[in-house]
Amino acid sequence: MLTVAPRGTKDILPGMINGWRYVENVMREVCREFNYQEIRTPIFEHTELFQRGIGDGTDVVDKEMYTFNDRSGRSVTLRPENTASVVRSFVENKLYAEPMPLKVYYMGPMFRYDRPQAGRMRQFHQFGAEAIGSESPVVDAETILLAVTVLKRLGLKELKLKINSVGCPNCRPQHRKLLQDYFRPHLAELCEDCQSRFDRSPLRILDCKVDHDKPFMAGAPKITDSLCDECHDHFETVKKLLDEASVEYEVDSTLVRGLDYYTKTAYEIQYSPLGAQSAVGGGGRYDGLVEELGGPSTPGVGFAMGFERIILALENQGLLPETKDAIDVFAVVPDAAAQADAFKTVMALRDAGFSCDMNQIDRSMKAQMKQADRDRARFALIFGEDERQRGAVMVRNMADSSQQEVKLSEVVSYIKKAEV
């Protein structure tokens, strides 16, 4: 139906947008404090970018991507996440020639064909940050702190940070073999997806939502028991830095995240009142992704968090601001003869930087005053016939209902003085 939005999409209406802008402004301010600059990437990319970057065998690539051929027959995909796009931009624009690390953040829509539910849409919005060019655990801890700071600055409580290390190419093969040896006797009990992951990516079995609660899953070999010395030391330093910053966390050896590019640190931030789908953000290190996408060997780390989940959490805690901005002035226009003076005055006020509106439909003065009140106007300009004949307008202070007749030529200066 043309009058219904596609399933899994949602209009963000004028009454809702103040909450979104509030969240965006907090995110931008925290990124400024952490010295992260904004980057904007295309909404669609060549499909191969996500196949190589995210990895075959992941639910995102196998089941959830919006992929189609363009008019030239090229396979393109609406971005399901933005890290691969940021890394593609890093490589294509040779940003590795700039001083490292590159620290960027992004905001925008992503797309996954998933079952719509509260806070989880097919077109959803993400805020994320990436730090590319440093292998220091300090950067891991910094990105975690950035994410936690945003959520705390928004006022969210009952947050839980889970962290893990998923190793590197040096220690993963040992863990891979241990996982396959462990899951082989249970292969028939695994879901069809995990049976296919057994050979391709057994680590993904730990991330399965279908098999997660089966009794044998709890005994799976922990990656933290197979870490090489470098990964072990890196993880210990990350934990120490979080301790120094007084950030509470829980080590969760089953946390692997849903994307193949992660190495070493992986983390997730949960907000328990959201229920089963409690994750509001997560990320980790991806030291091989730049090279995988054609760039020089360059480490990186970052995170993403979902706007819809955050908005839902803020609504649950009553932390969203007023749904409508107040305006400075509303012009009450009793008749057509007053329109020209009202329009000219409103435009002069707008040019001076004031937010203004005026009556534009046929309704009584009483109804217009109610509109001024709904718009939370600070002042109402009443263009009555007697005042107009004197080249003036009645200015009403909506807070205390006091009124003052003001010459039309002096309205702007009067409002300016009243603002002080």
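Trainee: Where does arginine 74 lie?

Mentor: In this predicted model, arginine 74 lies in the loop between strand E3, which covers 66-69, and strand E4, which covers 75-78.

Trainee: And is arginine 74 buried, partly exposed or exposed?

Mentor: Arginine 74 counts as partly exposed, because its relative accessibility is 46%, and partly exposed is the class between under 20% for buried and over 50% for exposed.

Trainee: Which residues does arginine 74 touch, leaving out those up to four places away in sequence?

Mentor: With those set aside, arginine 74 touches Phe68 and Asn69. There is also a polar contact of 3.5 Å, which joins the side chain of arginine 74 to that of serine 72.

Trainee: What does the side chain of arginine 74 meet in a salt bridge?

Mentor: The partner is the side chain of aspartate 70, with 3.0 Å from N to O. Aspartate 70 is partly exposed as well, its relative accessible area being 24%.

Trainee: How far apart in space are arginine 74 and phenylalanine 34?

Mentor: From C-alpha to C-alpha they are 39 Å apart in space, while in sequence they are 40 residues apart.

Trainee: Back to salt bridges, then: how many does the structure hold?

Mentor: The structure holds 25 salt bridges. In general, side chains of opposite charge can pair when their charged atoms come close.

Trainee: What about lysine 63, which residue does it form a salt bridge with?

Mentor: Lysine 63 forms a salt bridge with aspartate 193, and the closest N and O atoms of the two are 2.1 Å apart. Since lysine 63 lies in helix H3 (residues 59-64) and aspartate 193 in helix H7 (residues 192-200), the pair ties together parts that are 130 residues apart in sequence.

Trainee: How accessible are lysine 63 and aspartate 193?

Mentor: Lysine 63 is partly exposed, with a relative accessible area of 46%, and aspartate 193 also counts as partly exposed, at 26% relative accessibility.

Trainee: Okay, and what does arginine 378 meet in a salt bridge?

Mentor: The side chain of arginine 378 meets that of aspartate 328, at 3.4 Å from N to O. Arginine 378 counts as partly exposed at 28% relative accessibility, whereas aspartate 328 counts as buried at 14%.

Trainee: Which residues do salt bridges with shared partners join into one network?

Mentor: That network is made of Asp140, Glu230, Lys264, Arg285 and Asp287.

Trainee: You mentioned H10, so how many of its residues are buried?

Mentor: Helix H10 (residues 307-316) is mostly covered, with 7 of its 10 residues buried, and these are Phe307, Glu308, Arg309, Ile310, Ile311, Ala313 and Leu314. Glycine 318 follows H10 and has a positive phi, near 65 degrees.

Trainee: And at what angle do the axes of H1 and H10 cross?

Mentor: The axes of helix H1 (residues 14-33) and H10 cross at roughly 110 degrees and come within 11 Å, which means that H1 is roughly perpendicular to H10. On the H1 side the contact is made by Gly19, Trp20, Val23, Glu24 and Met27, and on the H10 side by Phe307, Glu308, Ile310, Ile311 and Leu314.

Trainee: How do the residues of that contact of H1 with H10 divide into nonpolar, polar and charged?

Mentor: They divide into 7 nonpolar, 1 polar and 2 charged residues.

Key
Residues numbered from 1 in each chain as written. Predicted model: local features only at pLDDT ≥ 70, side-chain atom pairs only at ≥ 80, totals over all residues. Heavy atoms only, no water. Buried < 20%, exposed > 50% of the residue type's maximum accessible area, 1.4 Å probe, protein only. Helix = DSSP H or I, 4+ residues; strand = E, 2+ residues; numbered from the N terminus. Axes fitted to C-alpha atoms, helices over the stretch in contact; angles between N-to-C directions. Parallel < 35°, antiparallel > 145°, perpendicular 65-115°, else oblique. Contact = heavy atoms within 4.5 Å. Nonpolar A, V, L, I, M, F, W, Y, C, P; charged D, E, K, R; others polar. Salt bridge = Lys/Arg side-chain N within 4 Å of Asp/Glu carboxyl O. Polar contact = N/O pair within 3.5 Å; in protein donor to acceptor, adjacent residues only side chain to side chain.
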